Amino acid sequence: MIGVGERAVFGFGMVLYELMTMGIPFQGMSVPEVRKAVLAGISPRLSSDEEERYGMRLVSLFRRCCAFEPDERPSMVSVEAELVSMVAEQMAGNAAAFSVLSLSPGSAASPTSATVRGWWW
């Protein structure tokens with residue numbers, strides 16, 4: 001039986017998908033179709049452009065969160081630790097760990113009017 005933690009991690013993987021693609025996982029599918037796809041081990045895929053934009057570390061985290069087998073998913077504690085590490089590396093200037101931040105004042109797309117390439121802050 002899948003525990004709450006494993007479901008939470010899968011759900012977080014879907015949130016990562018939404019953030020990285022600005023799209024909805026399983027777009028255009030009905031609830032029964034989504035259920036069937038998930039039970040068949042199908043999860044949303046990132047385009048090669050999205051994978052390149054976010055780098056392998058974040059893409060790998062996304063894939064592990066969406067793993068079909070619950071025991072292959074990381075714990076939320078390790079997800080948090082990995083995200084904190086990525087942010088720390090970005091703040092220390094390691095451009096390879098994350099996309100380079102590029103602020104565009106006046107963008108209507110975010111609540112703060114600042115577009116961050118790769119993330120919305």
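Is R64 buried, partly exposed or exposed? With a relative accessibility of 29%, R64 counts as partly exposed, where buried means under 20% relative accessible area, exposed means over 50%, and partly exposed lies in between (1.4 Å probe, protein chains only). The structure is a predicted model, in which local features need pLDDT of at least 70 and side-chain atom pairs count only at pLDDT 80 or more, while totals for chains, interfaces and linings use all residues. Residues are numbered from 1 along each chain as its sequence is written, and side-chain values use heavy atoms, with hydrogens and water left out.

**Salt bridges**
- The whole structure holds 3 salt bridges, each a side-chain nitrogen of Lys or Arg within 4 Å of a carboxyl oxygen of Asp or Glu.
- R64 pairs with E82, their closest N and O atoms being 2.9 Å apart.
- R64 belongs to helix α3 and E82 to helix α4, so this pair ties together parts that are 18 residues apart in sequence; helices are DSSP runs (H or I, at least four residues) numbered from the N terminus.
- E82 is buried, at 17% relative accessibility.
- R57 forms a salt bridge with E89, with closest N and O atoms 2.7 Å apart.

**Cysteines**
- The count of disulfides is 0, a disulfide being a pair of cysteine sulfur atoms within 2.5 Å.
- The sulfur of C65 is 6.4 Å from the closest cysteine sulfur, in C66, which is too far for a bond.
- C65 is buried, with a relative accessible area of 0%, and C66 is buried at 6%.

**Confidence**
- The mean pLDDT of the chain is 80, pLDDT being the predictor's confidence in each residue, from 0 to 100.

Technical notes
Helix = DSSP H or I, 4+ residues; strand = E, 2+ residues; numbered from the N terminus.
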